[in-house]
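Me: I'd like to learn how to read charged pairs and nonpolar cores in a protein model. Could you walk me through them?

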Amino acid sequence: QVQLVESGGGLVQAGGSLRLSCVPSGSILRVNGMGWYRQAPGKQRELVAMITSGGITKYAASVKGRFTISRDTANSTVYLQMNSLKPEDTAVYYCTAGVYSIDSYYPNYWGQGTQVTVSS
């Protein structure tokens with residue numbers, strides 16, 4: 001089974017930037033997409049951004065224009081560049097791998113999560 005290891009979280013002031021990394025290991029079977037979810041206290045888990053094997057990207061409206069998801073095809077590492085961070089972005093961020101189909105993303109594998117805290 002695939003293993004996803006996230007890094008790059010931390011504490012940053014509003015307006016600052018962070019880059020999250022997700023390093024996969026093991027066989028990735030029947031996976032054609034990877035995405036970043038986040039979960040904050042009192043809120044539902046939401047899909048922040050995802051990227052397909054073909055390079056299609058999708059973003060939540062709340063982060064569009066501020067966050068960028070990308071991948072390194074050489075090692076399959078996926079990044080989430082987060083700029084202009086807001087306190088509302090504070091959450092645990094999870095890297096996932098799954099299936100993209102009919103404009104929907106279905107995560108099957110989850111990383112351990114990395115905490116992002118944005119202070120005001």
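Predicted model: local features only at pLDDT ≥ 70, side-chain atom pairs only at ≥ 80, totals over all residues.

Me: Where do I start with charged pairs? How many salt bridges are there?

Reply: The general idea is that side chains of opposite charge can pair when their charged atoms come close. In this structure the count comes to 4 salt bridges.

Me: Which residue does K58 form a salt bridge with?

Reply: Its partner is D103, and the closest N and O atoms are 3.3 Å apart. K58 lies in strand β6 (residues 57-59) while D103 sits in the loop between β9 (91-101) and β10 (104-110), so this pair ties together parts that are 45 residues apart in sequence.

Me: And are these two buried or exposed?

Reply: K58 counts as partly exposed because its relative accessibility is 35%. D103, at 54%, counts as exposed because the cut-off for that is over 50%.

Me: What about R66: which side chain does R66 meet in a salt bridge?

Reply: The side chain of R66 meets that of D89, at 2.7 Å from N to O. D89 is in the loop between β8 (77-82) and β9, and R66 is in the loop between β6 and β7 (67-72), so the pair links parts that are 23 residues apart in sequence. Both D89 and R66 are buried. Salt bridges with shared partners join R38, E46, R66 and D89 into one network.

Me: How does E46 pair with R38?

Reply: Their side chains meet in a salt bridge, 2.7 Å from N to O. R38 is buried, with a relative accessible area of 7%, whereas E46 is partly exposed at 29%.

Me: Now the nonpolar cores. Which residues of the largest core touch the most other members?

Reply: In soluble globular proteins, nonpolar side chains tend to be buried together. Here the largest nonpolar core has 27 residues, and L4, W36, F67, L80, M82 and Y93 touch the most other members. Strands that each supply at least two residues of this core include β3 (18-25), β4 (33-39), β5 (46-52) and β11 (114-119). β9 gives the most, with 4 residues.

Me: What is M82 in contact with?

Reply: Leaving aside neighbours within four places in sequence, M82 is in contact with G16, S17, L18, L20, R66, F67, Y93 and V116. R66 is also the salt-bridge partner of D89.

Me: Which residues does the second core include?

Reply: That separate core has 5 residues, among them Y37, M50, Y94 and Y100.

Definitions and conventions. Residues numbered from 1 in each chain as written. Heavy atoms only, no water. Buried < 20%, exposed > 50% of the residue type's maximum accessible area, 1.4 Å probe, protein only. Core = buried A, V, L, I, M, F, W, Y, C linked by side-chain atoms within 4.5 Å. Contact = heavy atoms within 4.5 Å.
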